[in-house]
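Here is a short report on selected local features of one chain. Please read it beside the sequence and the 3D view.

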Amino acid sequence: MRVLIDYRPALRQRTGVGEYAHQLAVALVPRLAPDGQLMLFSSSWKDRLPVSPVEGASAVDLRIPVRLLNLAWHRLGWPPIELLGARADVVHAMHPLLLPSRRAAQVVTVHDLYFLDAPGETVAEIRRDYPRLAGAHARRADAVIVNSEHTAGQVVSRLGVDRGRITVCYPGAPNWARREPPGSPGPILFVGTIEPRKNVLTLLDAYRRLVARRPGAPELLLAGRAGQNASAALSEVGLAALAGSVRHLGYVRDTERQRLYRAASMLVLPSLDEGFGMTALEAMTVGVPVIASNRGALPEVVGEAGVLFEPLDSEELAEAMERLLDDRTLADRCAELGRARSLRFDWGGSADRLLEAYRQAIERRRARSS
């Protein structure tokens, strides 16, 4: 089986979608061997992929501006990947819109449907194409990959895709060792892109309430790049009430993120919607207690291993943070349960399910062709 994966989300900073593409590619290579082949597709004017970053995979690297190619792909369904020098049995998009192909089975990934709920909070290309095209593309796809049961349900109910063509491929837990619990309460940590969906303004308000009750509360660290419409949250960070107690660190790579987790007293994820919640899984893997909103897929990931709260209630969040700081037994219990729960999420198992989805997609493509 020859598989082509759109690797462009992993070209720069490997945030959620990029990490998902990279780790699935790593896990797929040995499962396709010895007779199969994995190709990583890239198209950019300046970000090159001359050598494959995944051992055992080959690179298909084109010097075509990504916006130009996406416009042609999304609106015209052209050019097919065969004209771009790639021959495959399966082409897999890491987003909801199809990669054009004359012969290959077409697979799309739906990470979440936030672009339907708040298109104004997305980047211009997503705002232009996804709300209008995602449903039709997902229904035409030979297989649809999602990263949670929550998203699977959304794709069925809102995009009209048959559940039998949807495969859940959870992200896997990172191969990180469990930490030694810090001797004193470390920083309160948020990891994620600073954007309205992540609900950072509620976190800042809750932290302000916490500090008013506990002037010696640990500092709040925001680790993640500034995304679309981040100015309101970042402006709050600079206000006198929070200055010196809250720091925005920007995007952090794996080694620095691990260091932050190992020192943190807790991870707080107040998101209004998440297709999965990779940072919750990372924190649980290391043994960091997690406070997460009760929206999206976060309850599916965290389960009973963390503290869930209503994401629009900043007082409830402030109380949850205070409880974890005051109740060592609760914090230790969350850390233990989180570590055990993280073992359920495995890239190898997800790659096995993905490979089976590819086989089914090829059969559906053949049936359509005949």
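## A salt bridge across the chain

Arg-178 is partly exposed, at a relative accessible area of 38%. Buried means under 20% relative accessible area, exposed over 50%, and partly exposed in between (1.4 Å probe, protein chains only). The partner of Arg-178 is Glu-336; their side chains meet in a salt bridge, 2.2 Å from N to O. A salt bridge here is a side-chain nitrogen of Lys or Arg within 4 Å of a carboxyl oxygen of Asp or Glu. Arg-178 sits in the loop between strand 7 and strand 8, and Glu-336 in helix 12, so the pair ties together parts that are 158 residues apart in sequence. Glu-336 is also partly exposed, with a relative accessible area of 44%.

The model is predicted: local features need pLDDT of at least 70, side-chain atom pairs count only at pLDDT 80 or more, and totals for chains, interfaces and linings use all residues. Residues are numbered from 1 along each chain as its sequence is written, and side-chain values use heavy atoms, with hydrogens and water left out. Helices (H or I, at least four residues) and strands (E, at least two) are DSSP runs, numbered from the N terminus.

## Other salt bridges

The structure holds 27 salt bridges. One of them pairs the side chains of Asp-89 and Arg-2, at 3.5 Å from N to O. This pair links distant parts of the chain: Asp-89 is in the loop between helix 2 and strand 4, Arg-2 is in strand 1 (residues 2–6), and they are 87 residues apart. Asp-89 is partly exposed at 27% relative accessibility. Arg-2 is partly exposed, with a relative accessible area of 27%.

Glu-149 and Arg-163 form another salt bridge, with the closest N and O atoms 3.2 Å apart. Glu-149 belongs to helix 5 (residues 149–159), and Arg-163 to the loop between helix 5 and strand 7 (166–168); 14 residues separate them. Glu-149 is partly exposed at a relative accessible area of 41%. Arg-163 counts as partly exposed at 35% relative accessibility.

## Helix 11 against helix 12

How do helix 11 and helix 12 pack? Helix 11 (residues 314–326) and helix 12 (residues 328–342) pack at an angle of about 95°, their axes 5 Å apart. Helix 11 is therefore roughly perpendicular to helix 12. Axes are lines fitted to C-alpha atoms, for helices over the stretch in contact, and angles run from 0 to 180 degrees between N-to-C directions. Angles under 35 degrees count as roughly parallel, over 145 as roughly antiparallel, 65 to 115 as roughly perpendicular and the rest as oblique.

Helix 11 contributes Arg-323, Leu-324 and Asp-326 to the contact, and helix 12 contributes Arg-328, Leu-330, Ala-331 and Cys-334. Contact means heavy atoms within 4.5 Å.

Asn-70 lies in helix 2 (residues 66–76). Asn-70 is buried, with a relative accessible area of 6%. Leaving out residues up to four places away in sequence, Asn-70 touches Arg-8, Arg-75 and Glu-125.

Leu-76, Trp-78 and Leu-83 make a nonpolar surface patch of about 370 Å². Patches are made of residues with over 30% relative accessible area and no salt bridge: like charges are joined within 9 Å, nonpolar side chains (Val, Leu, Ile, Met, Phe, Trp, Tyr) within 5 Å. Accessible areas come from the Shrake-Rupley method with a 1.4 Å probe; for residues, only the protein chains shown count as cover. Leu-83 lies in the loop between helix 2 and strand 4 (90–92). Leu-83 is partly exposed at 47% relative accessibility.

## Backbone details

Two cis peptide bonds deserve a look. Trp-78 to Pro-79 is cis, with omega near 0°, and Pro-79 is in the loop between helix 2 and strand 4. Ala-33 and Pro-34 are also joined by a cis peptide bond, with omega about 5°. Pro-34 is in the loop between helix 1 (16–32) and strand 2 (37–43).

Asn-199 is not a glycine, yet has a positive phi of about 65°. Asn-199 lies in the loop between strand 8 (188–191) and helix 6 (200–213). Asn-199 counts as buried at 7% relative accessibility.
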